[in-house]
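Please read the following note alongside the sequence and the model. The points move from the whole chain to single residues.

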Amino acid sequence: MATTEDRSEREEFRRDAPTILSYGGLICFAFWIYAYGPALALLREERHFSFTLLGVYTAAWSAGAVLTGIAFPAAAGRFSRATLLWGPALLASCGAFLFAWGSGVTLTLAGAGILGLGGTMLLAVLQAILSDRHRERRDRALTEANIGAAACAVLAPFALGALAAGPLGWRAGFALPTIGLAGLYLRFRQQPLPSATTYRGTQMRGRLPLACWLFAGLAAASIAVEFCLAYFGAEQLEATGLSTAAAVTAMSSHYLGLLVGRVVGAIVTRQPGRTVALLYASLATTAGGFLIFWLTGVSGVAVIGLLLAGLGIANLYPLSIALSLGAAPGQEDQANSRSQLVGGLLVIAAPFLLGSMADPLGLTAAFTVEPVLISACAALLFAALRISRRDTRRPSAPSRSR
């Protein structure tokens, strides 16, 4: 029989209008980010880009995350949540149009940077709304929101491929999130949105707690693990004997793992207090799956490894973001922005390092970057939890409020 506390926890978590809006907005953002890689491959095929220029396009998106990390705290203190939501949504839509339909490198590259900036700012404010609304249950809200993102990871490449083979062309796929965001605006434009002060009072300023930084580092490292596999996984599968087309198709197993993992995460986090155990289990599954993928020479086994790695990676980002925000009460906007900043920097650096190592050493040797990142995730999680528990036993230091 459920306890009164369990019933109250379940009753407290409600998927109200701000929650549904945030879930829908995250799906739109996720479609763009998971369509971006396949779109670059199609764009390169059309215009015969070099791999170096392809890397510049990747860095342009990640630079938007860095700028978001720098600008979001000041913007959150100056503008309402609604302005921060619909403004970046419009900016990202303009960037998507320039990237998909611009002529020449200059316009498409500018569009990529604008899309990265607007899209990451949109992600940051949607995460902030979910954190503001659900507070201590933000782990469940962020995990549920990322189920839709994982579904986009599976569906976006197929959608672009299907459109590329039809009369509309792949570029039409980049209009789909804009249509979705327009529908959300028409439905929710009058909806009051919770702010960081709605439930917690005035936001504080000052240094972020060390535990918050460590959890932000964990979120960033987990993104880097995911993107290194996303960018170079197909090439590694080719080394097992698969053709390029078969290897690209087989990468869908990794994204299927992401989807299944986030569904499982949403179920597990329905009850509070399970976040840490789920994170440790996720790290172990990620490590095991990657080692199977990396060390085998059999294509079928490698695909299974990718599936397991996706299953493990699935919950690392949403849960570590939730812990980062929870470690900085009263400073959630600042913590959110710093997570985007560190993540953007690491997503620029890690795939570039892997690619630069692959040229002289070979891709298999270059993938040693991944065990280093996974080990860093484990170390960051252990250290952050230890410091967080120590800090909870101390009285809070007074902070200046604004």
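1. The chain holds 17 helices and zero strands. Both are DSSP runs numbered from the N terminus, where a helix is H or I over at least four residues and a strand is E over at least two. The model is predicted, so local features need pLDDT of at least 70 and side-chain atom pairs count only at pLDDT 80 or more, while totals for chains, interfaces and linings use all residues. Residues are numbered from 1 along each chain as its sequence is written, and side-chain values use heavy atoms, with hydrogens and water left out.

2. Of the chain's 402 residues, 51% count as buried. Buried means under 20% relative accessible area, exposed means over 50%, and partly exposed lies in between (1.4 Å probe, protein chains only). The accessible surface is about 17200 Å², and carbon and sulfur atoms account for 66% of that area; such areas come from the Shrake-Rupley method with a 1.4 Å probe, and for residues only the protein chains shown count as cover.

3. Among contacts with a separation of 6 or more, 83% join residues 24 or more positions apart. A contact means heavy atoms within 4.5 Å.

4. The largest nonpolar core has 115 residues, and F99, F174, F215 and F367 touch the most other members. Helix α9 (residues 210–238) gives the most to this core, with 16 residues. Such a core is a set of buried Ala, Val, Leu, Ile, Met, Phe, Trp, Tyr and Cys residues joined through side-chain atoms within 4.5 Å.

5. Which residues does F367 touch, not counting those up to four places away in sequence? They are C228, L229, F232, G233, Q236, F290, F293, W294 and L354. C228 is buried, with a relative accessible area of 0%.

6. S222 lies in helix α9. Because its relative accessible area is 1%, S222 counts as buried. Beyond its neighbours within four places in sequence, S222 is in contact with I313, L316, Y317, S320 and C377. C377 is also buried, at 1% relative accessibility.

7. A search of the whole structure finds zero disulfides, a disulfide being a pair of cysteine sulfur atoms within 2.5 Å.

8. V264 is in helix α11 and is partly exposed, at 40% relative accessibility.
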